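Subject: Structure for your review

Dear colleague,

Please find below the sequence and the structure that I am handing over to you. My notes on what was found follow directly after them.

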Amino acid sequence: MRLWRNFLGKSELNILFTSVGRRVELIRAFRDAYSILDLAGNIIATDIDPLAPALQDVDTPYLIPRFNEPDYLTTLIKICRSESVHLVIPLIDPEIPVLAMHREEIQASGVRLVVIPTPSVAICNDKWLTYKFLKKLGIPVPKTWLPKENEIDYPQLDFPVFIKPRSGSGGKNTFRVNNVQELEFFSKYIEDPVVQEYLPGPEITTDVICDLDGTLLGMVSRQRIEVRWGEVAKGVTVYYPGILEACSKIVTALNGLGPITVQCIMKDGKAYFTEINPRFGGGLPLGIAAGVNAPLWLLARTCGLPVTIPSLGEYETGLYLTRFDDSYFITSDDYKQLARNHF
């Protein structure tokens, strides 16, 4: 990936975010980072919906095919070339394996895909593989079974338990199961499910950021107080040395690159690790406010610009996040223009 300079001599970096959806705060955080670093460049974004709110906050929005449609990859590559994109940063879990699988094609024109290596993506995308990976590292995990492989001894189960898809995101099709009858029903209802020991909580998410060379730059843990649509609506920053130590071990084993979020759930004062998502988490703004400015540090390191990065684990604790809805108003003409903005 070669960065270039504009006629004023500023470093210039163009970023493309895929499936930008509702991530307005994320886009604004990157916009602020551009300003702080006096960095030139454009923020480009794609989505399948012309009413995706974050499309209103980027320099150039594009509508593209869904990630599982035939023209998705070719369309994305054409946009990268047309817009002289330097970094591609995906924002939803289902898209990441597709992009990782086609890394060489995407990066052929000098673009850098900000996604961990493909074998690591496979581990994160499959909850069963995540469980085995964490267990091998010696990191605490909840008891886990695959019902379709007859690994569950029903009489030995301590209900309630938790069932979810092996490859799922956003809390979709996840259920607390209270007895054998419910477990049998949901094991058939959910495609390719995994069953885990039910943990009472609270749930802690740790946002981790690495540079493009894999150097760990920062981590910040936050407790989820309220979740809407799979994204934190209320939260608070917390500090557990054991959680940060485990996250560092996890990211190192995954050959970390860019943003990674690690989720764990507490039980009797001990953290049990459940999921890893190789993308920016929805609660990122809380981490930035607490002193872990992942967008700023990532851009600075990518462009070779000076930036002060505090020691690992150095951030403000007891900082609360509470969110509210805001609105964009789009005229019919604006909507039609967005809807026509296919590449």
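Pro-160 sits in the loop that lies between strand S8 (144–145) and strand S9 (161–165). Please bear in mind that this is a predicted model. The peptide bond leading from Phe-159 into Pro-160 is cis, with omega near 0°. A cis bond is also found between Gly-201 and Pro-202, where omega is about 10°. Pro-202 belongs to the loop between strand S11 (193–197) and S12.

Two further loop residues deserve a look for their backbone angles. Most residues other than glycine have a negative phi, and most peptide bonds are trans. Asp-38, however, has a positive phi, near 55°, and is placed in the loop between H1 and strand S4 (43–47). Its relative accessibility is 46%, so Asp-38 counts as partly exposed. Asp-192 is likewise not a glycine and has a positive phi of about 50°; this residue is found in the loop between helix H7 (180–189) and S11. Asp-192 also counts as partly exposed, because its relative accessibility is 39%.

Next, the sheet. Six strands make up an open sheet with antiparallel pairing, in the order S16-S15-S12-S13-S14-S17. Its edges are S16 and strand S17 (320–322), each of which pairs on one side only. From one strand to the next, the twist averages 30°. Strand S14 (residues 231–238) and S17 run antiparallel and are joined by three bridges; Gly-235 has Leu-321 of S17 as its bridge partner. Helix H8 (residues 241–253) packs on the sheet, where it touches strand S12 (203–210), strand S13 (216–228), strand S15 (259–267) and S16. The direction of H8 makes about 50° with that of S12.

Beyond its neighbours within four places in sequence, Phe-17 is in contact with Leu-26, Ile-27, Phe-30, Ile-43, Ile-44, Ala-45, Thr-46, Ile-89 and Leu-91.

Thr-18 lies in strand S3 (residues 15–18). Is Thr-18 buried or exposed? Thr-18 has 0% relative accessibility and therefore counts as buried. The side chain of Thr-18 makes a polar contact of 2.9 Å with the side chain of Glu-95. Residues that Thr-18 touches, leaving out those up to four places away in sequence, include Thr-46, Tyr-72, Leu-76, Val-88 and Leu-99.

Finally, helix H5 (residues 118–125) has Ser-120, Val-121, Ile-123 and Cys-124 as its buried residues. Why do these residues lie on the same side of H5? They cover an arc of only 160° around the axis, which means that they share that side. The elements covering the buried residues of H5 include helix H3 (95–101), helix H6 (127–136) and strand S16 (270–277).

Yours sincerely

Methods: Residues are numbered from 1 along each chain as its sequence is written. This is a predicted model: local features need pLDDT of at least 70, side-chain atom pairs count only at pLDDT 80 or more; totals for chains, interfaces and linings use all residues. Side-chain values use heavy atoms; hydrogens and water are left out. Helices (H or I, at least four residues) and strands (E, at least two) are DSSP runs, numbered from the N terminus. Buried means under 20% relative accessible area, exposed over 50%, partly exposed in between (1.4 Å probe, protein chains only). A polar contact is a pair of N or O atoms within 3.5 Å; within protein, one must be able to donate a hydrogen and the other to accept it, and residues adjacent in sequence count only if both atoms are side-chain atoms. Contact means heavy atoms within 4.5 Å. The arc is that of the directions from the helix axis to the C-beta atoms. Two strands pair if DSSP finds at least two bridges between them. Axes are lines fitted to C-alpha atoms, for helices over the stretch in contact, and angles run from 0 to 180 degrees between N-to-C directions.
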